[in-house]
Amino acid sequence: MILDFLFGHNKSKDEAKRRLTLVLAYERKGLPPNFIERLKDELVYIFSKYSQFDVSRIEVDIKKENDGFEELWISIPFKQ
């Protein structure tokens, strides 16, 4: 337990669980496995045309809400 805490083994377990959850969500919705990466790449391409956006910090994820629903979450920050 202490070694897991020190060396982050729980983090890799949690990350693997999160990735598996995403894969299962993609399959249920008929989405390709690389949907998030492709969508992010397209958003970077589109928003890089506008200098006011910080495309290096664009985030795309599927988040599960407390009520059990999943939602597509996209963050496109402005430059400072």
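Me: Why is Arg57 called partly exposed?
Reply: In this predicted model, Arg57 has a relative accessibility of 43%; since exposed means over 50% and buried under 20%, Arg57 falls in between and therefore counts as partly exposed.

Me: Why is Asp54 called buried?
Reply: The relative accessibility of Asp54 is 16%, and because the label buried applies under 20%, Asp54 counts as buried.

Me: What makes the pairing of Arg57 and Asp54 a salt bridge?
Reply: The side chains of Arg57 and Asp54 meet at 3.5 Å, N to O, and the cut-off for such a nitrogen and a carboxyl oxygen is within 4 Å, so the pair qualifies as a salt bridge. In general, side chains of opposite charge can pair when their charged atoms come close. The structure holds 1 salt bridge.

Me: How do you know that the span of helix H3 agrees with its number of residues?
Reply: Helix H3 covers residues 35-47, which is 13 residues, and at 1.5 Å a residue these should span 18 Å; the end C-alpha atoms of H3 are 18 Å apart, so the two values agree.

Me: Which residues of H3 are buried, and why are they said to line one face of the helix?
Reply: Ile36, Leu39 and Leu43 are the buried residues in H3, and because they fall within an arc of 70° when seen down the helix axis, they line one face. On the face turned away from that buried side, H3 carries the exposed residues Asp41 and Tyr45.

Me: Why does Leu43 count as buried, and what does it touch?
Reply: Leu43, at 12% relative accessibility, is under the 20% limit and therefore counts as buried. Leaving aside residues up to four places away in sequence, Leu43 touches Ile58, Val60, Ile74 and Ile76. Of these, Ile74 is 31 residues from Leu43 in sequence, while their C-alpha atoms are 9.5 Å apart in space.

Me: What pattern does the chain follow along the sequence?
Reply: The chain reads α-α-α-β-β, which comes to 3 helices and 2 strands, and of its 80 residues 16% count as buried.

Technical notes:
Residues numbered from 1 in each chain as written. Heavy atoms only, no water. Helix = DSSP H or I, 4+ residues; strand = E, 2+ residues; numbered from the N terminus. Expected span 1.5 Å × (residues − 1). Buried < 20%, exposed > 50% of the residue type's maximum accessible area, 1.4 Å probe, protein only. Arc of directions from axis to C-beta. Contact = heavy atoms within 4.5 Å.
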